[in-house]
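The following questions and answers concern the structure shown here. Please consult the sequence and the coordinates while reading.

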Amino acid sequence: MKRIAIIGGGIAGLSAAYELAFQQRAGAPIEFVLFDAASRLGGTVETVRRDGFVIECGPDSWVTEKPWARDLALELGLEGELVPSRDDRRKTYLVQGRALTAMPDGMRMMVPVQWAGVLDSPLFSWQAKLAYLREPKLAEQLKTSALDAASSSRDESVRDFVFRHFGSEVADTIAAPLLAGVFGGDIASLSARAVLPAFVALEREHGSLVLGLRQRRQAGDAPAAIFTTLRHGLAGLVEGMESHIPASGIQRGMVVASIERTGEGWVVHRASAPGASHLASQTFDAVLVATPAKTTAKLFGAIDERIGELLPQQSSSAIVVALAFSADQASVMRIPRGFGFLVPQTAAQYGPYQPISDDDMEAIARRALLACTFVDQKFPQRAPENSVLLRAFFGGPSVAPLLTESDATLLKLAQTTLGRIVGKLQEPSIALVRRWPDSLPLYEVGHLNRMAELDVRMSQLPHVRLIGNAYRGVGLPDLIHSGRTTARELVAGLIGS
Ligand SMILES: Cc1cc2nc3c(=O)[nH]c(=O)nc-3n(C[C@H](O)[C@H](O)[C@H](O)COP(=O)(O)OP(=O)(O)OC[C@H]3O[C@@H](n4cnc5c(N)ncnc54)[C@H](O)[C@@H]3O)c2cc1C
């Protein structure tokens, strides 16, 4: 019998454990234990269900185009739970000053799939509109430079990539806030190859992103809805997978302090916890490490320091504040129609950069507010009829001082900051705050080359693999896919050896 440890029970580690349980039931001679520091599995995936509201504290949906989260939901018998985003009502606003300006219809992120709406949008200056119109004419030139880059594995920043196609205004006003919501980082340091692989591939094939997307659209190659979620929340995936794992295979509240290589395999040492009944150390034949990048670097510090150097060195923190309003409360508020708004972090938004004093929490919160989702409008059945559910997302470089503030302060700051943009808010009937420190690793320029070196380094260590959001994708579908595939490969390697 081969013994496998999984360290970290976020969506990646849990998907691996679920796959191992599946293999076990199919007769594979394995035993496994999933260790998680927290008292609850799922990591950043957490749903609170209260008084008819379904409140996501971390991710709220997945990108429909990638099949693996949906496949998992179907396997778990959650077919009836699958809910597409209400794309017929899709309207996303950008904050300009205190006003909200709608993004034009027919945009795929920062790329227009149709001109109607874009050319008369007040969001863009005439220079940006000209840049949009010019991009298809540069197709050959863009294709040539893309192919050069591909053959040399050359990377560039997301900002440079978008700039080459559409100029600086589109990069800073549209691409930056769209990606800040996902990666929380500065597009001038994020890697185009790692963060925008689909657009990089499109450039290679078509040169022009505008022409490439149009051709795909004409070929009927677009998903029905952009986002998919579960009716009762994404925790359904966590609960579903957990129910397939034997209780003996899960140890919650277990902080792993270090791992050590021995002649026969790996020893997992837990952090000392007075009075804890768990064994202090356990030996395994193989280990799957599914912890956040910083922890992973620490775990490998004594084994191979270079591994820590290759992992993302920067990560961004997030704070989510959810505010739920009953139908009565909502009736006196004026939330615009749409999915929500994004806040560009540009000088146009805030004026020339001015340092903010450390105790001016309101100014810090204004700068750290990246987005707000009008949850009750984005997905059906997230809130009782006529009530309102808002989710503010704070992140980026300004968020750090907010992480140590109390829930009550963060709640007040969210109300004031959102109130400036959508009008005064009532006292919410439910409010909750979640802090996610260092939860989003930044894939900086050169990331994929570092990942290739990491693969080589890891292949020199027997029966140990890395999974999670530090490597090749931060979204749920990618993490589910890599967690399951890696677990399968690990078992094949172990049993074959
Ligand atoms: C606010 C927010 C919103 C997001 N929205 C979306 C979205 O809408 N759609 C989407 O696809 N993605 C979204 N993401 C990204 C996605 O949620 C994450 O990338 C993903 O959940 C990370 O999963 P993971 O398993 O890699 O890590 P985590 O969820 O961070 O899990 C790591 C686990 O390791 C455990 N751990 C840490 N240290 C130790 C230790 N020493 N010993 C034992 N256990 C340890 C932790 O307790 C945790 O459970 C969002 C992320 C955030 C923060």
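Buried means under 20% relative accessible area, exposed over 50%, and partly exposed in between, with a 1.4 Å probe and protein chains only. This is a predicted model, in which local features need pLDDT of at least 70, side-chain atom pairs count only at pLDDT 80 or more, and totals for chains, interfaces and linings use all residues. Residues are numbered from 1 along each chain as its sequence is written, and side-chain values use heavy atoms, with hydrogens and water left out.

Q: Is Asp-328 buried or exposed?
A: Asp-328 is found in helix α13 (residues 327-331); helices are DSSP runs of H or I with at least four residues, strands are runs of E with at least two, and both are numbered from the N terminus. The relative accessibility of Asp-328 is 65%, so this residue counts as exposed.

Q: What distance separates the C-alpha atoms of Asp-328 and Val-388?
A: Asp-328 belongs to helix α13. Along the chain, Asp-328 and Val-388 are 60 residues apart, and the separation of their C-alpha atoms is 9.9 Å.

Q: Which residues are the closest to the ligand?
A: The shell has 34 residues, a residue being counted if one of its heavy atoms lies within 4 Å of the molecule. By class, 19 are nonpolar, 13 polar and 2 charged; Ala, Val, Leu, Ile, Met, Phe, Trp, Tyr, Cys and Pro count as nonpolar, Asp, Glu, Lys and Arg as charged, and the others, Gly among them, as polar. The closest are Asp-36, Ser-61, Val-256, Val-474 and Leu-476.

Q: Which element gives the most to the shell around the ligand?
A: At least two shell residues come from each of α1 (11-25), β21 (430-441) and α19 (476-496). The element that gives the most, with 3 residues, is β21.

Q: Is Glu-46 buried or exposed?
A: Glu-46 and Arg-40 meet through their side chains in a salt bridge of 3.8 Å, N to O. Arg-40 has a relative accessible area of 30% and is therefore partly exposed. Glu-46 has 13% relative accessibility and so counts as buried.

Q: What separates Arg-306 and Glu-309 in helix α12?
A: Their side chains meet in a salt bridge of 3.0 Å, N to O. Because Arg-306 and Glu-309 are 3 residues apart in helix α12 (residues 305-310), the separation is about one helical turn.

Q: Where is Asp-51?
A: Phi of Asp-51 is near 50°, a positive value in a residue other than glycine. Most residues other than glycine have a negative phi. Asp-51 is exposed, because its relative accessible area is 62%. Its place is the loop between β3 (47-50) and β4 (53-56).

Note on methods
A salt bridge is a side-chain nitrogen of Lys or Arg within 4 Å of a carboxyl oxygen of Asp or Glu.
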